[in-house]
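Please read each point against the coordinates.

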Amino acid sequence: MSQGPRSGLYAVSTALLAMSRHLEVRDVLKTIVASARELLDAQYAALGVPDDHGGFAQFVVDGVSDAQWKAIGPLPRQHGILAAMLSEARPERLADVREDPRFEGWPSAHPDMSDFLGLPIRDGDETIGALFLANKRPAGDDSARSGADTCAFTEEDEELLTILAQHAAIALTNARLYERSRELTIAEERSRLAHELHDAVSQKLFSLRLTAQAAATLVDRDPSRAKGELQHVAALAAEAADELRAAVVELRPAALDEDGLVATLRTHIQVLDRAHSARVTFVGRGVRALPASQEEAMLRVAQEALHNALRHSGAARVDVTVEKRGPGAVLYVVDDGSGFDPTATRAAGRHLGLVSMRDRASGVGGTLTVESAPGKGTTIEMEVPGG
């Protein structure tokens, strides 16, 4: 590169350090793409992770605005130049990607691209991604490249990107292992709690049933003994409720303890954004650690509101915001879906989700407000006092 080997190696080192700071897969992908674009001074960069069905499970871009990306449309399929990175597993350096016989065009909103550098990201024999760069920025006058028949990306650029891709494979594999280990930990914890519920609560409920049956047979011939059995029923019911309450407390998401409310919500929403056709966004502003019960309540309310918006409202967009308010915090979940009449729903005793959200908010000293109308979308606002 024109800056010389020293600055090139420094740039690679900076990029590798940036990748090593993240454990979430989506964050790693975004860092790889941004680092590659900055390292090789390209106008555009992208990274695609293949799925098992002929398309991309994830496709991350840098240099394209959110509005442009939305206008471009669905994720690209594995065809043309993109497929070459995944199936042929070799670098591609082209003076003009549009002139390549494998080029199949792009959507009308897609930015115009010419010189192109792409290469696979491999973990052993497996191709786990493909990294693409386009439109190398000229060092001097833009007109100097007009009509050029050689690729602006040099062999040295390809070597630097190869080094980056090798380390990107390590970072991406580590991030996947981290997420998998977290999933296994959660699954193991839920399995343990299921066994505890079966051993403790189920036994108490069985005893409660037998005692209630005994009381029923004694009501007519021995009311005093029946009264004693019914008191025993009440005691068993109270014990079962305590057991259930303790189990629910233990179900507090592990990620909350490790990462806090903002990071846990951000990860959850990134997963939903990938899994649903609706655009799901998250913004966190200045929120510090809250009491554990309040963080859990806010997470559960957010999850319930997101479930309602994504499953029932037909929303095209759902925006989640958590921001500081005094010593506490406020949560907003806003969707552009079909909406409903909160008063009519509440009066009819329907929509248990709303009841659950209100109970969670009041249970930690907070408040819940629902604003909605048919055809006008829905806004859920929850405020907690902090501690």
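1. Glu371 stands opposite Thr379 in β10. The two strands concerned, β9 and β10 (residues 378–384), pair in the antiparallel sense over six bridges. Here strands pair if DSSP finds at least two bridges between them; helices (H or I, at least four residues) and strands (E, at least two) are DSSP runs, numbered from the N terminus.

2. The model is a predicted one: local features need pLDDT of at least 70, side-chain atom pairs count only at pLDDT 80 or more, and totals for chains, interfaces and linings use all residues. Residues are numbered from 1 along each chain as its sequence is written, and side-chain values use heavy atoms, with hydrogens and water left out.

3. The pairing of β9 with β10 belongs to an open sheet of five strands in the order β6-β7-β8-β10-β9, with mixed pairing. The edges are held by β6 (279–285) and β9 (367–372); each has a single partner strand, so one side of each is left without a neighbour in the sheet. On average, neighbouring strands of this sheet are turned by 10° against each other, direction ignored.

4. Helix α8 (residues 292–312) packs on this sheet and touches β6, β7 (317–325), β8 (328–335), β9 and β10. Contact means heavy atoms within 4.5 Å. The direction of α8 makes about 5° with that of β8; axes are lines fitted to C-alpha atoms, for helices over the stretch in contact, and angles run from 0 to 180 degrees between N-to-C directions.

5. β6 and β7 pair in the parallel sense over seven bridges, and Thr281 has Asp319 in β7 as its bridge partner. Which hand does the unit of β6, α8 and β7 have? This β-α-β unit is left-handed; a crossover is right-handed if, with the strands pointing away from the viewer, the path from the first strand over the helix to the second runs clockwise.

6. Four aromatic pairs are found in a search of the whole structure. Rings of Phe, Tyr and Trp (its six-membered ring) pair if their centres lie within 6.5 Å; planes under 30 degrees apart count as stacked, over 60 as edge-to-face and the rest as tilted. Phe59 and Trp69 are stacked, at 6.1 Å centre to centre with 5° between the planes. Phe59 lies in strand β2 (residues 56–62) and Trp69 in helix α3 (residues 66–72), ten residues apart. Phe59 is buried at a relative accessible area of 10%, whereas Trp69 is partly exposed at 25%. Buried means under 20% relative accessible area, exposed over 50%, and partly exposed in between (1.4 Å probe, protein chains only).

7. The ring centres of Phe116 and Phe132 are 6.2 Å apart and the planes are at 35°, so this pair is tilted. Both residues are buried. Ring pairs link Phe59, Trp69, Phe116 and Phe132 into a cluster.

8. Ser114, in the loop between β3 (92–94) and β4 (116–123), is buried, with a relative accessible area of 19%. Leaving aside neighbours within four places in sequence, the contacts of Ser114 include Leu94, Arg98 and Asn135.
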